[in-house]
Amino acid sequence: MAELEPAERAELRRRGTVVNFPAGGELLRQSDASTHVYFLLKGLVRVSMTSDDGNPVLLAVRGPGDVLGEMALLDGQPRSATVTALSEVSALLVTREAMEDLITQHPKVGRLLTRQVVHRLRESGDTVSELASHNVSTRLATRLMELVKWGVGEADGENGFVISITQQELAVWVSTTRESVVRALRDLRQRGLVEATRGRLKIVDVARLGDSLD
């Protein structure tokens, strides 16, 4: 939305409806028909799918400014993933018909959506590369910095930041086991970067955690 001209952005908002979801609410469900797309305005969501053996697979976590459901919108196929709110979420819902009409009148919107799909494909490749080249502690620190960037949590003192998230949620997001996350958190704690309790994680010093990734 930030890349649209003011008139285009206003037209998009006019055609959409702002909807809100509580933490745990389901925005999209895998295999459902594609009837609308969401533009995420506030909050954090988990994008996941169920594998052939019935196990959940976390694909991504998305924050404000992201588009949800654009792939199914473009190809007309059923939803490829389920999107669930990790926090209170506010999103702009735009129906398939409204989006198609908007793209006809404003081709730039269609180009941006196509570019978004390409970006997601590149992102998938980056994730594979990250799994191969970074240890769990580094991947975990990277994800924590993303949560800070999105403002998912609250400041604690001058440099700290507190996030409500479970070790299992972190494990799925980092594509590892809960036991590996426990070891990674122990490593970060021994380096004075985080403090972890049940369902709550405090980044002691955001700047130092970010510097640890350089």
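## Where H6 meets H7

Gln 167, Gln 168, Leu 170 and Ala 171 of helix H6 meet Arg 178, Val 181, Val 182 and Leu 185 of helix H7. By residue type, this contact divides into five nonpolar, two polar and one charged. Please keep in mind as you look around that this is a predicted model.

Helix H6 covers residues 167-174 and helix H7 covers residues 178-190. Two packed helices are described by the angle between their axes and the distance between the axes. Here the axes come within 8 Å and cross at roughly 100°. Angles of 65 to 115 degrees count as roughly perpendicular, and H6 and H7 are therefore roughly perpendicular to each other.

## H7 and its other partner, H5

Helix H7 also packs with helix H5, at an angle of about 80° and with the axes 9 Å apart. H5 and H7 are therefore roughly perpendicular to each other. On the H5 side, the contact is made by Val 136, Ser 137 and Leu 140. On the H7 side, the contributors are Ser 180, Val 181, Ala 184, Leu 185, Asp 187 and Leu 188. Sorted by type, the residues of the H5 contact with H7 come to six nonpolar, two polar and one charged.

Is Ser 180 buried or exposed? Ser 180 has a relative accessible area of 14%, and because buried means under 20%, it counts as buried. The side chain of Ser 180 also makes a polar contact of 3.1 Å with the side chain of Arg 183.

Turn next to an open sheet of four strands, in the order E9-E10-E12-E11, with antiparallel pairing. Its edge strands are E9 (154-156) and E11 (194-197), each of which pairs on one side only. On average, neighbouring strands of this sheet are turned by 25° against each other, direction ignored. Helix H5 (residues 136-150) packs on the sheet, where it touches E10, E11 and E12 (200-203). The direction of H5 makes about 95° with that of E10.

The pairings can be walked across strand by strand. E9 and E10 (residues 160-163) run antiparallel and are joined by three bridges, with Glu 154 opposite Val 162 in E10. E10 and E12 also run antiparallel, again with three bridges, and Ile 163 has Leu 201 in E12 as its bridge partner. E11 and E12 pair in the antiparallel sense over four bridges. In this last pair, Val 194 stands opposite Ile 203 in E12, and Glu 195 stands opposite Lys 202 in E12. Which residue takes a positive phi in the hairpin of E11 and E12? That residue is Gly 199, with phi near 70°, in a hairpin that has two residues between the strands.

Another four strands form an open sheet in the order E1-E8-E3-E6, and the pairing is antiparallel. The edge strands of this sheet are E1 (17-21) and E6 (67-68), each pairing on one side only. E3 and E8 (residues 89-95) run antiparallel and are joined by six bridges. Among the paired residues, Val 37 has Val 94 in E8 as its bridge partner.

Helix H1 (residues 6-15) packs on this sheet, touching E3 and E8, and its direction makes about 90° with that of E8. Helix H3 (residues 96-105) packs on the sheet as well, touching E3 and E8, with its direction at about 70° to that of E8.

## A loop residue to check

Finally, have a look at Ser 31, in the loop between strand E2 (26-28) and strand E3 (36-42). Most residues other than glycine have a negative phi. The phi of Ser 31, however, is a positive value near 80°.

How values were computed. Residues numbered from 1 in each chain as written. Heavy atoms only, no water. Axes fitted to C-alpha atoms, helices over the stretch in contact; angles between N-to-C directions. Parallel < 35°, antiparallel > 145°, perpendicular 65-115°, else oblique. Contact = heavy atoms within 4.5 Å. Nonpolar A, V, L, I, M, F, W, Y, C, P; charged D, E, K, R; others polar. Pairing = 2+ DSSP bridges. Buried < 20%, exposed > 50% of the residue type's maximum accessible area, 1.4 Å probe, protein only. Polar contact = N/O pair within 3.5 Å; in protein donor to acceptor, adjacent residues only side chain to side chain.
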